[in-house]
Amino acid sequence: MKVKVGFRQAVLGYLMIAPFYMVFLFIYLVPVLQTIWNGFTDRKIFEEPNFIGFANYVQIFQDQYFIKALFNTLIYVLFAHFGVMVIGLALALLVNSKLVKSNAFRAAYFLPYVASMVGVSIIWIWMLDPTKGFFNYILKIFGINSINWLADSRWALPAIIVMGIWKGVGYNMLVNLAGLQGVDESYYEAAIVDGANKWQVFWKVTFPLISPTTFFLFITGMINSFNMFEQVNVMTGGGPMNATTTIVHQIYTRAFLKYQMGYASAESVLLMLLMGVFVFFAFRFSKRGSGVEM
Amino acid sequence: MKNKMKIKKMALYVVMAVLAMIFLFPFLIMLLTAFKSPAELQQPYFSLFPKEFSLDNFIGAMSTGNWARYFANSIFITAVTVLASLFLNSMAAYAFTRLKFPGRDLLFAFSLVALMIPEQVIMIPVFLELKTFPLAGGNDIFGVGGTGLLNTYAGLIIPFVAHPFGVFLCRQFFMTLPKSLDEAAVLDGCSRFRVFWNIYLPLSKPTLVTLGLLKAVTTWNQYTWPLILTNKDEMRTVQLALSNFSTEFVTNWGYVMAATTLIILPVAILFLCLQKYYVSGIISSGVKG
């Protein structure tokens, strides 16, 4: 009897996870393996693919577009991710103050995160407009000549970085805030009794205690920044002169505009490897540095 | 001392208000531009407030192109994705929490791998899988000959219904419920599926609202996947339509800002009304909805 109940329960268990697991396997797991395999082929869209070994990879390392995209992506990760990390934490410390009821302010800081990337990209194109845009209006007040932000290869990427920070910090603020509220008040009191100033309290008490949160945000935010694509496709299409093209923008262009699926898969594999290396070193570094265990 | 406190409080308010202004300012520009008249937008300089408020841009933008269809597409896709993902993920979560079967914990842990895989690096094979889906869109049983699930609702929905984070969050909640609940119900002759459906689901409403809300916002805001999967006008979602609209009407900013307003507004309202749920989801996630 007992065996029979156990068997029936196991069958029901498998049945109940089946729909979820099937989709999970075919949407996440199999595609990762297929990407790796396709990267070794000259897969297009209709023709039968041929195995071509590392030919795609050899070509990618001489591909000016990819090298430019790699460079732009790293710049974006460095500045946008760093900006979001620092400003997000600063905002969290600000709204965590017990003196002021800050719920409405929090909602305001978070609103850009909820709005669609397409929508905010279009609003920013309008604000960056060379003749009628807000940013050039400000420049004019200070007597500076107007800049055609998104058509100028020096300014397009910085503009996209600033927008990325504006859109993303609300999320970091909320997660950091949750981390801060989990810190026991008595730690602060003890530190102040011991004569620590505010700066010392932050670096010696608060920051170590919320470092698991910081580390989590560091990893996930970095992965998101490495995959930046939507705002580029909407705002500049990778231009001017490839000044804003990113790795994912190259993958999209190769795979879905030029139908070079094999080549684009090899680029995807390189992106995965790149992120893997960064995540690996982040783990190594954090364990040595602050003893954070994930 | 008391005075010092007061000054500090005032200063905090001012700083926070200025920051709020910076974060909201682009949305304000969006709204005010949408209400300007075409003549006013012809002026070759920046101005913040419209001289008179007019609704012409909203009417004009919405009657240019197939907006009723785009909105219907997005609403349908969002609703089905939310409902299907809630059902699939909570059902799997129940099995992972309360049913005993070989390999259960390993299978669960393994599914969390997906949280580390960004959709951008796997979009090519998923696209090819859907294109060669057997017996769909003119395909034969081997997935050859037609367009498969390209340009279909199924293709826009299926990739997003399995969500390991949703399973994870439901499981976290289910584990807080007492096991005796299941045992009592089973003794009364209730099947295990009924226990999930009639007892667990109604008890986990806050978790489901949180997950549904996160999913609704991400689905509504989705751009990359519809861009890749569809090329027919009648299958466009609002985000895709908006990005095309903005390149087509690049000289008519009143229209573009009116359309942008109408597309951001539903999500903004949803967020502001259900903030508590959304924030609790964001805090327990970290991984995008």
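How many residues of chain A are in contact with how many residues of chain B? In this predicted model, the contact involves 89 residues of chain A and 93 residues of chain B. The two chains bury about 8,200 Å² between them, and 78% of that area lies on carbon and sulfur atoms. To see where chain A contributes, select Met16(A), Phe20(A) and Trp126(A), which lose the most area to chain B and together account for 10% of what the chain A side buries.

Next, colour chain B by confidence. The average pLDDT of chain B is 90, with 98% of the residues scoring at least 70. Within chain B, the lowest confidence falls in helix H2 (residues 38-41), whose mean is 82, whereas the highest falls in helix H4 (residues 67-98), at 96.

Now move along chain B to helix H13 (residues 238-248) and helix H14 (residues 253-273), which pack at an angle of about 165 degrees with their axes 10 Å apart. H13(B) and H14(B) are therefore roughly antiparallel to each other, and H13(B) passes H14(B) in a left-handed crossing. Show side chains here: Val238(B), Gln239(B), Leu242(B), Phe245(B) and Ser246(B) from H13(B) meet Tyr255(B), Val256(B), Ala259(B), Thr260(B) and Ile263(B) from H14(B). The residues of this contact comprise seven nonpolar, three polar and no charged.

Most residues other than glycine have a negative phi, and most peptide bonds are trans. Which kind of peptide bond joins Gly239(A) and Pro240(A)? The bond between Gly239(A) and Pro240(A) is cis, with an omega of about -10 degrees, and Pro240(A) sits in the loop between helix H10 (230-235) and helix H11 (247-257) of chain A. Met241(A), which is placed in the loop between H10 and H11 of chain A, has a positive phi of about 55 degrees although it is not a glycine.

How values were computed
Residues numbered from 1 in each chain as written. Chains lettered and ligands numbered in written order. Predicted model: local features only at pLDDT ≥ 70, side-chain atom pairs only at ≥ 80, totals over all residues. Heavy atoms only, no water. Axes fitted to C-alpha atoms, helices over the stretch in contact; angles between N-to-C directions. Helix = DSSP H or I, 4+ residues; strand = E, 2+ residues; numbered from the N terminus. Parallel < 35°, antiparallel > 145°, perpendicular 65-115°, else oblique. Left-handed = near helix turned anticlockwise from the far one by under 90°. Contact = heavy atoms within 4.5 Å. Nonpolar A, V, L, I, M, F, W, Y, C, P; charged D, E, K, R; others polar. pLDDT = per-residue confidence, 0-100. Buried area = accessible area lost by both parts, 1.4 Å probe.
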